[in-house]
Amino acid sequence: MKREWYQQKWVIIALHILGWLAFISLPYLLHPSSDTHAQERMNEKHKWELYMYFTDLVMITFFYLNAWVFIPRLLNKKKVVKYTLSVLAVFIFMMMARYEFEVLFLNPHVIDIRPAILFTLLVFFFIWSTSTAFQMIVDKVRQERKTSARENENLKTELSLLRSQVSPHFMFNVLNNMVSLARKKSDVLEPSLIKLSSLMRYMLYEADEDKVPLQKEAEYLQSYIDLQQQRFGKNVIIHVSLEASKNTYEIAPMLLIPFVENAFKHGTGLISDAQIDIQLYTRPGMLFFSVRNKYNPISSEVKDKTSGIGLVNVKRRLNLLYGEEYVLHIDKKDDWFIVSLQLNLHG
């Protein structure tokens, strides 16, 4: 997405530089050079200027230290005491630097610490409040962009799911298989219809939620796998282990099915000893999910282009919904296609 001119990096840097130049220039703007009497009273003017430059450098450093380190790592993580102590430490350092400067570099005189504290405190408070406001605005803008991107992605995903939540080819095959079961008056027909009904109900009604119980997602996967198992019979060896019934974790709906669908898409057909292994289990706060299937690297079989939202879009959805709270590995090894997902979960 193309950024507006004011969002360009060089514009932001230029605005920061201009802002600091204005801040550093304030003492000179408020203290005109034509005021010769004031200059005469300041017989150690050059030393004070050096001190002011040093103070400006400390203030600039504190501005970004507070914005980029103290707030994200302490305040945003509810470490209020550590944050307060860190800010106070910087202020005490500035006061000690002011005191040491007067003792070491100025002629002997009685040091009145009160105006020094008041002046330093006012400047320090101005920089701290500006830095805090700056970072809060940045965080808010960043969160709004992320929310907007997430909403756009959800809309795109919803459209994709409505068009092809499950491969139409799969649905037609399941229906044809059920017609065959009906003609044979098979006892398997009724449970198969129940599974298909459950699968479609989940897709059409429950998948609209932001989060669903992990158990529901696992039941949906199991229904899908059972129908595929019935379709392929002994032509494909399928090993399944879904352990998600003893927890209250939630997950984004329809997040795992593309990996399973991809395995049936590419792990069946012109493949000798076709096999698909699917495993799901949880540990405290963590989901482990893996799918692997045998595939034919030299097969030129044309696959169904409407088979789900695809692994690329799944990665995009993971990035937007979970950020850095997941690890996804996709690998091909010894004629096996392997997907492994670790996902942080919240109850």
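Does Phe-63 count as buried or exposed, and at what relative accessibility?

Modeller: Phe-63 counts as buried, at 6% relative accessibility, where buried means under 20% relative accessible area, exposed means over 50% and partly exposed lies in between, with a 1.4 Å probe and protein chains only. Tyr-64 also counts as buried, with a relative accessibility of 17%. Please keep in mind that this is a predicted model, in which local features need pLDDT of at least 70 and side-chain atom pairs count only at pLDDT 80 or more, while totals for chains, interfaces and linings use all residues. Residues are numbered from 1 along each chain as its sequence is written, and side-chain values use heavy atoms, with hydrogens and water left out.

Now to the rings themselves. A search of the whole structure finds eleven aromatic pairs, a pair being rings of Phe, Tyr or Trp (its six-membered ring) with centres within 6.5 Å, called stacked if the planes are under 30 degrees apart, edge-to-face if over 60 and tilted otherwise. Phe-125 and Trp-128 both belong to helix H5, residues 113-164, where they are three residues apart, or about one turn of the helix; helices (H or I, at least four residues) and strands (E, at least two) are DSSP runs, numbered from the N terminus. Trp-128 counts as partly exposed, with 26% relative accessibility.

Phe-63 and Tyr-64 are also members of one aromatic cluster, which they form with Trp-68 and Phe-134.

As a setting for this part, the protein has ten helices and seven strands, and 35% of its 347 residues count as buried. Among contacts (heavy atoms within 4.5 Å) between residues at least 6 apart in sequence, 72% join residues at least 24 apart.

As for confidence, the mean pLDDT of the protein (the predictor's confidence in each residue, from 0 to 100) is 78, and 76% of the residues reach 70 or more. Over residues 32-42 the pLDDT stays under 50, and for them the model has five contacts beyond four places in sequence.
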